[in-house]
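This report looks at one helix, its packing and a metal site. The sequence and structure come next.

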Amino acid sequence: MLWEIVHVPDQESVPKDLTVNVLASAVEPKLASALMRALSPITPLENLRHVKRIRRKQIEGKSELSIVLHPAFDEGSELGNIPNDVQKLIDTYNLSPFIAKVPMYPATSKEEWEEQCKLWPTSYHPMVNCDHVSGFSEEDSQWIISCMKSTIKLSKQNHMDNQDVNAAMIVDPACREIIASAVDQRPVSADCARDLVESFGKVNVSNVEESTWNESTENCPFVSCLHPWKWPQDRAAHPLKHAVMAAIESSAARDRRLFPLRANKSNELSSSLGSPRKKQKTEAPQDDLEGRPYLCTGFDIFLAWEPCPMCAMALVHQRVRRVFFAFPNPNAGALGSIFRLQGQKSLNHHYSVFRVFAAH
Ligand SMILES: [Zn+2]
């Protein structure tokens with residue numbers, strides 16, 4: 001079986017063939033730079049920053065240049081609507097304007113960019129810090145796929161009433177060590193379930209339409225992230241202890257176990273607040289903290305199912321580096337299916353998202 005690792009983009013892709021009209025003209029090579037200098041302040045390519053001002057085409061071995069004169073140009077406009085400054089340049093340089101089509105949006109992939117350049121040259125800026133976004137080595141790919149297989153196995157092994165649950169595995173990619181793993185958890189008892197329902201009594205779950213749970217996800221009733229609002233009815237799943245949250249809890253417990261000094265020091269710090277030795281104490285702990293991870297900074301997480309918004313946001317708080325999931329979550333998926341949390345510019349941390357699946 002062939003496995004694929006596909007990057008889930010931060011932004012929804014726009015139709016590739018969207019174009020906009022601009023006013024352009026052929027230009028003599030020797031006049032090109034003078035014309036560019038003259039046009040830039042008059043008609044900046046404000047909403048078309050990705051579009052290059054000059055197009056160079058090889059026609060019968062000869063290089064032919066065209067230049068964008070004016071970016072906002074309606075097809076129906078008469079030449080008389082051209083701004084005066086631009087018209088003066090047309091007259092001065094004896095240009096013959098024509099309407100050209102240019103790509104409306106910047107390219108989101110190299111392939112798209114190559115396609116755009118056939119129409120009109122554009123600039124392409126791959127994602128910042130893209131070292132971990134694409135181009136996995138063969139070895140990395142194999143490791144990612146084996147982690148995903150383990151995660152799916154974990155999900156199947158811990159099924160409830162023959163139904164899969166979500167599984168999460170937090171891994172340190174630097175040493176390829178499993179930091180924590182967990183599956184969706186149930187309320188521990190019927191009493192506990194009742195208490196949870198009562199404590200969440202103010203939440204009006206009747207507003208959530210049953211019809212939003214489509215047939216395919218109905219087959220996975222115990223995957224919490226797929227049914228974040230269903231727990232009060234069948235009480236099959238814990239409302240908060242989704243696999244991701246349980247794995248985070250387990251990772252935090254590991255930190256406390258392996259790096260206990262921080263907790264001790266912080267206790268000492270709080271007890272020394274206001275004492276004359278406060279300054280001395282606040283300077284001391286740094287060396288002791290060496291090696292302790294800050295939350296899940298730099299770690300990857302593997303999930304059987306795409307997380308719900310609660311879990312996806314918890315992973316932002318945890319500063320994870322990459323999220324890999326196998327199955328999309330059409331009910332409440334927060335990483336591409338319904339929401340796209342990884343593309344929210346207002347958040348103070350962004351992780352990369354990948355879908356890892358067996359292609360047929
Ligand atoms: Zn969840």
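## Buried face of H11

In this predicted model, Cys311, Ala312, Ala314, Leu315 and Val316 are the buried residues of H11. Buried means under 20% relative accessible area with a 1.4 Å probe, protein chains only. These buried residues pack against H8, strand S8 (300-305) and strand S9 (322-327); contact means heavy atoms within 4.5 Å. Helices (H or I, at least four residues) and strands (E, at least two) are DSSP runs, numbered from the N terminus. Just after H11, Arg319 takes a positive phi of about 60°.

## H8 against H11

The axes of H8 (residues 243-258) and H11 come within 8 Å and cross at roughly 30°. Axes are lines fitted to C-alpha atoms over the stretch in contact, with angles from 0 to 180 degrees between N-to-C directions. H8 is therefore roughly parallel to H11 (angles under 35 degrees).

From H8, Val244, Met245 and Ile248 meet Met310, Cys311, Ala314 and Leu315 of H11. The contact residues comprise 7 nonpolar, no polar and no charged.

## Zinc site

Cys225 (SG), His242 (ND1), Cys308 (SG) and Cys311 (SG) are the protein donors of the zinc ion, at 2.1 to 2.3 Å. Donors are N, O and S atoms within 2.8 Å of the metal (3.2 Å for Na, K and Ca). Angles of 105 to 118° among the 4 donor atoms make the site tetrahedral (all angles between 85 and 135 degrees). Cys225 lies in the loop between H6 (215-218) and H7 (231-234) and Cys311 in H11, so the pair ties together parts 86 residues apart in sequence. Cys225 and Cys311 are both buried.

## Basis

Residues are numbered from 1 along each chain as its sequence is written. Local features need pLDDT of at least 70, side-chain atom pairs count only at pLDDT 80 or more, totals for chains, interfaces and linings use all residues, and side-chain values use heavy atoms, leaving out hydrogens and water.

How values were computed. Four donors count as tetrahedral if all angles lie between 85 and 135 degrees; four count as square planar and six as octahedral if opposite donors are over 155 degrees apart and all others between 65 and 115; anything else is irregular. Buried means under 20% relative accessible area, exposed over 50%, partly exposed in between (1.4 Å probe, protein chains only). Angles under 35 degrees count as roughly parallel, over 145 as roughly antiparallel, 65 to 115 as roughly perpendicular and the rest as oblique. Ala, Val, Leu, Ile, Met, Phe, Trp, Tyr, Cys and Pro count as nonpolar, Asp, Glu, Lys and Arg as charged, and the others, Gly among them, as polar.
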